[in-house]
Amino acid sequence: MSHFDTLITNIGQLLTMEGSGPAKGEQMKKLPVLENAAIGLKDGKIAFIGTNEEAKGFRADQVIDANGKLVTPGLVDPHTHLVFGGSREHELALKQQGVPYLEILKRGGGILSTVRATRAASEEELFEKAKFHLDRMLSYGVTTVEAKSGYGLNEETELKQLRVVQRLQQEHPIDLVSTFLGAHAIPPEHKDNPDEFLERMAALLHTIQKEELAEFVDIFCETGVFTVEQSRAFLQAAKSLGFAVKIHADEIEPLGGTELAVELGAVSGDHLVGASDVGIAQLAKSNTIAVLLPGTSFYLAKEKYARAREMIEAGASVALATDFNPGSSPTENLQLIMSLAALKLNMTPEEIWHAVTVNAAYAINRGEEAGRIAIGRKADIVIWDAPNYAYVPYHYGVNHVHMVLKEGKVVVKKGGYDVNVSLS
Ligand code: IZC
Ligand code: ZN
């Protein structure tokens, strides 16, 4: 008779996200659902997936009765700026007065204000702050997170940020994937010679490679930041050293960053709000994942959102992320992004679940490890206070997590009130 460490029984709907490779176009529309299911976990891995009936004869050290709830893989957030100093609540008033995001940056605020705070913070302070945000992500059901540097814009501080990510990789239950975004903005000391700045950041790639501090390299390809030509050269240099690449492309103004992402064979092209028809057609034929960030369009109070429908109909693979950062998307809540994807990108619940699990995992080269519940994989699982998968994007703005298991261990359990706390 089978014996498990943990058996999760009475699962109302189980989304295994079964399949191979990322889900592209039409494949995103189908979501196999197992009803009245059970899963067995052993040594932190998935060891059984079947019906509740089959599981009745099994034994386990711990039985978790899901009581008809929805169970899914742990969510994957493939685009965050996790490590930073300070905050930017003062920019909300500027935004209300109609000052555009890129204008705030031009005046030395925005990213550059976070750069000042990040340079001033100690590694320990940055670690504690990032850990606080990461704990919150875990509480929202996220078990794998990509984290970018990019608030140092000098050697010392970029390395400081990357070391914080490295330490969190060792000390936090969430699996982290590290991205070097030294080319996030032009620091004031290089205002008149951005190419020299890019040379400095390119030189830093050697240290990052030697110390294994990042596996991806990213760049902010945007008006007033880095051009398509600069982005191409910088990412080609990164690729020649063996880094995988990503691009902040066509976020605010359409420059052809989507086409550049495809041309370079980027693992992901991110934002893509201004992606052209040609860019979308190329994306659909490529292996580059479109990482869409509707929280950013929302928070920048934009009318225009990425054209997810056209991308999916053309056959592209779409993922979703928070873009968690102190300026354009201060939220750790990927569930809120799922609701925005429904309302602003017109994505269906089936497409949304692909976009925050398997496709998000492929967007950070973790497709073979995260985003699916399959025999032999890490048991990263969320039990939701939801009767079905459509309920999560529908009931917006709150946390639907009932329980999170990371590698088979319960790491989040819905609290409730502690009745022993005295109010007097
Ligand atoms: O700090 O504003 N878009 N980078 C590119 C960001 C937003 C983060 C920020
Ligand atoms: Zn970003």
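**Entry 1: H81**

I began with H81, which sits in the loop between β6 and α2; helices here are DSSP runs of H or I with at least four residues, strands are runs of E with at least two, and both are numbered from the N terminus. I noted that the model is predicted, that local features need pLDDT of at least 70 and side-chain atom pairs pLDDT 80 or more, while totals for chains, interfaces and linings use all residues. Residues are numbered from 1 along each chain as its sequence is written, chains are lettered from A and ligands numbered from 1 in the order in which they are written, and side-chain values use heavy atoms, without hydrogens and water.

Is H81 buried or exposed? I found H81 buried, at 2% relative accessibility, where buried means under 20% relative accessible area, exposed over 50% and partly exposed in between, with a 1.4 Å probe and protein chains only. I then listed its contacts, meaning heavy atoms within 4.5 Å, and, leaving aside neighbours within four places in sequence, H81 touches K148, Y151, L181, H184, H248, D323, F324 and N325. The side chains of H81 and H79 are also joined by a polar contact of 3.3 Å (a pair of N or O atoms within 3.5 Å; within protein, one must be able to donate a hydrogen and the other to accept it, and residues adjacent in sequence count only if both atoms are side-chain atoms).

**Entry 2: the zinc ion**

Which residues are the protein donors of the zinc ion (ligand 2)? I read off H79 (NE2), H81 (NE2), H248 (NE2) and D323 (OD), at 2.1 to 2.6 Å from the ion; donors are N, O and S atoms within 2.8 Å of the metal (3.2 Å for Na, K and Ca), and sites may look incomplete because water is not among the atoms. Along the chain, these donors follow the spacing H-x1-H-x166-H-x74-D. H79, in the loop between β6 (75–77) and α2 (90–96), and D323, in the loop between β13 (318–320) and α13 (334–344), are 244 residues apart, so the pair links distant parts of the chain.

I checked both ends of that pair: H79 is buried at 0% relative accessibility, and D323 is buried with a relative accessible area of 1%.

I also looked in the UniProt record, an unreviewed entry, which lists H79, H81, H248 and D323 under "binding site"; its positions are given in the numbering used here, feature names are shortened, and annotations may be inferred rather than shown by experiment. These residues span 245 residues in sequence, yet no two of their C-alpha atoms are more than 12.0 Å apart, so they gather at one spot.

Leaving aside neighbours within four places in sequence, I found D323 in contact with H79, T80, H81, H271, L293, T296, S328 and S329. One of these, T296, has its side chain joined to that of D323 by a polar contact of 2.8 Å.

Moving on to α13, I noted that a side-chain oxygen of N333, at the start of the helix, reaches to within 2.9 Å of the backbone nitrogen of Q335. The buried residues in α13 include L334, I337, M338 and A341. Just after α13, N346 takes a positive phi of about 55 degrees.

**Entry 3: L260**

Last, I looked up L260 in helix α9 (residues 257–263), where L260 is buried with a relative accessible area of 1%. Beyond neighbours within four places in sequence, L260 is in contact with V228, S231, R232 and I247.
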